[in-house]
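User: I have a model open and would like to go through a few of its features with you. Could we start with the strands and then move on to the surface?

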Amino acid sequence: MKTSVQVVSEIEVLIEVELPSDKVGKELDRQLGEFGKRARVRGFRPGKAPKELVRKSFASEIANEAVRKLINDSFSAAVDSMG
């Protein structure tokens with residue numbers, strides 16, 4: 001993870017975070033597993049739908065949750081590194 005922090009003014013700070021693709025991929029897979037546990041897909045019992053069907057049905061929700069988690073974790077790490 002590459003982080004840069006730039007103080008723009010007394011009340012504004014610019015934080016840029018670059019994440020490796022493998023970390024993003026792992027988070028997407030983790031979110032897919034979480035969605036798969038509780039997904040209700042027609043024709044399947046809850047949690048029993050194939051991963052590809054869950055991925056296809058809930059792609060935007062999975063991506064949104066992964067992005068939210070990665071942003072929260074990265075922001076916390078960047079703030080901690082500022083001191």
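User: Which residue in strand 2 does Ser4 stand opposite?
Analyst: Keeping in mind that this is a predicted model, Ser4 stands opposite Glu16 in strand 2.

User: And how many bridges join strand 1 to strand 2?
Analyst: Strand 1 is joined to strand 2, which covers residues 13–18, by six bridges, and the two strands run antiparallel. Together they make a hairpin, with five residues between strand 1 and strand 2.

User: OK, switching to the surface: which residues form the nonpolar patch?
Analyst: The patch on the surface is formed by Val5, Val7, Val13, Phe75, Val79 and Met82, which together have about 510 Å² of accessible area. Two elements, strand 1 (2–7) and helix 3 (59–82), each give two or more residues to this nonpolar patch.

User: What about Ser74, buried or exposed?
Analyst: Ser74, which also lies in helix 3, has a relative accessible area of 4%, and because that is under the 20% cut-off it counts as buried.

User: Where does its side chain reach?
Analyst: The side chain of Ser74 reaches the backbone oxygen of Leu70, at 2.8 Å.

User: And which residues is Ser74 in contact with, leaving aside neighbours within four places in sequence?
Analyst: With those neighbours left aside, Ser74 is in contact with Met1, Val17 and Leu19; of these, Val17 falls within strand 2, residues 13–18.

Notes:
Residues are numbered from 1 along each chain as its sequence is written. This is a predicted model: local features need pLDDT of at least 70, side-chain atom pairs count only at pLDDT 80 or more; totals for chains, interfaces and linings use all residues. Side-chain values use heavy atoms; hydrogens and water are left out. Patches are made of residues with over 30% relative accessible area and no salt bridge: like charges are joined within 9 Å, nonpolar side chains (Val, Leu, Ile, Met, Phe, Trp, Tyr) within 5 Å. Accessible areas come from the Shrake-Rupley method with a 1.4 Å probe; for residues, only the protein chains shown count as cover. A salt bridge is a side-chain nitrogen of Lys or Arg within 4 Å of a carboxyl oxygen of Asp or Glu. Helices (H or I, at least four residues) and strands (E, at least two) are DSSP runs, numbered from the N terminus. Buried means under 20% relative accessible area, exposed over 50%, partly exposed in between (1.4 Å probe, protein chains only). A polar contact is a pair of N or O atoms within 3.5 Å; within protein, one must be able to donate a hydrogen and the other to accept it, and residues adjacent in sequence count only if both atoms are side-chain atoms. Contact means heavy atoms within 4.5 Å. Two strands pair if DSSP finds at least two bridges between them.
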